[in-house]
Amino acid sequence: MDVIEELRTYREKDIPYSRVLSSMCTVPHPVALKAHKMFVETNLGDPGIFVGTVELEKKLMTMIGKILHCKTPAGYICSGGTEANIQGIRAARNIQRRQRRGNLNIVIPKTAHFSFEKIGDILGVEIRRAGVDGEYRVDVAEVERLIDDSTIAIVGIAGTTELGQIDPIVELSKLADEREVELHVDAAFGGLVIPFMNNPYPFDFQNRGVSSITIDPHKMGMATIPAGGIIFRDERYLRALEVETPYLTSKTQFTLTGTRPGTGVASAYAVLKHLGFEGMKKVVDSCMKNTKILVEEMRSLGFEPIIEPVMNVASFFTEKAERIKDELYRKKWVISTIREPRAIRFVIMPHVTDEVIKEFISDFRKVVGKIN
Ligand code: 0PR
């Protein structure tokens, strides 16, 4: 068997995105695919060779800076939200540690992504978790109580993984300012959703206290994987991450990985430039419209959303979440579940069209009928 033929047999076992309502990734935009192919052999780990790709990344940073209300954006495209969060907290640690004592800590919402678990382990910082209010936004008073002399940073989430909720970043920013700690905003998902909504919530650098933002083009930016994004308020944070690179074309490196693909830079740039603000807005509008359709269908079947969806993530209370998920998987539908509170969760990405929803609801109805 020809090796390509062999590859195809494996690839065909993968479930197509049109059956996936649980993913924050999606089918890359056609222009992203083209861009990806053009940059397949690039390595931003050696910037003296890939001079053009470096220039393109700078242009992309300016573009993302504009979206995030920052005139001096400093950052790069990395492997994903996990690496972006690691680097955000690592920079905060390196900047703050001179003025802090004892075992350093960060204060995060209970609803934070599990990547912060890894951060605690890798950086050796204590992770303090603050509770949330009735709408699943972090309780700012509790964040304040958890801050002490060893706190280097607090974290807010703009688009929580499980509910798509936005923490009160405005209040967190005031708190960070007062207590002179860094504020990292995890907008891995929401960063390329919120700016294109009507009346966007001010989650970004327009708040003085915000030091860094995770914003992933490989989620709602429809770029090719891997394309995460970490953006700092200014160069100072990148300087705090640098190590010397004696035998490279550059003298220092601030990234976590060494060899680093330029494909994410090219594909993210291509999508944002090609679609522009209006094009991105259309994509987000359409996802929000489909979210509404899904919520209405689910309500008519007796399922209530945990919160009225803020963005294109919707989760519904049910004690039978696991059974529903397993039965749907048998019918080749992928959804996800939440444990606290018990619920089923959907992410309404661009590939979750109104036709997909219609087809899904028809099978969902059968599954629920069988279980009850
Ligand atoms: N921060 C937030 C708020 C996230 O939701 C995620 C990932 C991350 C950080 C980490 O990003 P990376 O996975 O890029 O490192 N959220 C999704 C999740 O863990 C990612 C995902 C994507 C899951 C596609 C499944 C999937 O099919 O649920």
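Predicted model: local features only at pLDDT ≥ 70, side-chain atom pairs only at ≥ 80, totals over all residues.
A salt bridge here is a side-chain nitrogen of Lys or Arg within 4 Å of a carboxyl oxygen of Asp or Glu.

Residues are numbered from 1 along each chain as its sequence is written, and side-chain values use heavy atoms, with hydrogens and water left out.

**Stop 1: the two domains**

Select 3–26 together with 277–371 and colour them as domain 1. Then select 30–272, which is domain 2. These bounds come from an automatic or database domain assignment. The domain centres, taken over C-alpha atoms, are 27 Å apart.

**Stop 2: the interface**

Show the residues where the domains meet. Domain 1 puts 24 residues in contact with 27 of domain 2; contact means heavy atoms within 4.5 Å. About 2,300 Å² is buried between the domains, and carbon and sulfur atoms give 74% of that area. Buried area is the accessible area (1.4 Å probe) that two parts lose on being put together, summed over both.

How many salt bridges does the rule find across the interface of domain 1 and domain 2? It finds 0.

Now select, on the domain 1 side, helix H9 (263–300), strand E10 (313–317) and strand E12 (343–347). Each gives two or more residues to the side that touches domain 2. Helices (H or I, at least four residues) and strands (E, at least two) are DSSP runs, numbered from the N terminus. H9 supplies the largest share of that side, 7 residues.

**Stop 3: the loop between E6 and E7**

Go to the loop between strand E6 (210–214) and strand E7 (228–232), and pick Pro226. The peptide bond from Ile225 to Pro226 is cis, with omega near 0 degrees. In this loop you also find Met222. Its phi is near 55 degrees, a positive value in a residue other than glycine. Met222 is buried, at 5% relative accessibility. Buried means under 20% relative accessible area, exposed over 50%, and partly exposed in between (1.4 Å probe, protein chains only).

**Stop 4: either side of E11**

Select Lys332, in the loop between helix H10 (321–330) and E11. Phi of Lys332 is near 65 degrees, again positive in a non-glycine residue. Is Lys332 buried or exposed? Lys332 is exposed, with a relative accessible area of 55%.

Finish at Pro341, in the loop between strand E11 (336–338) and E12. The bond from Glu340 to Pro341 is a cis peptide, with omega near -5 degrees.
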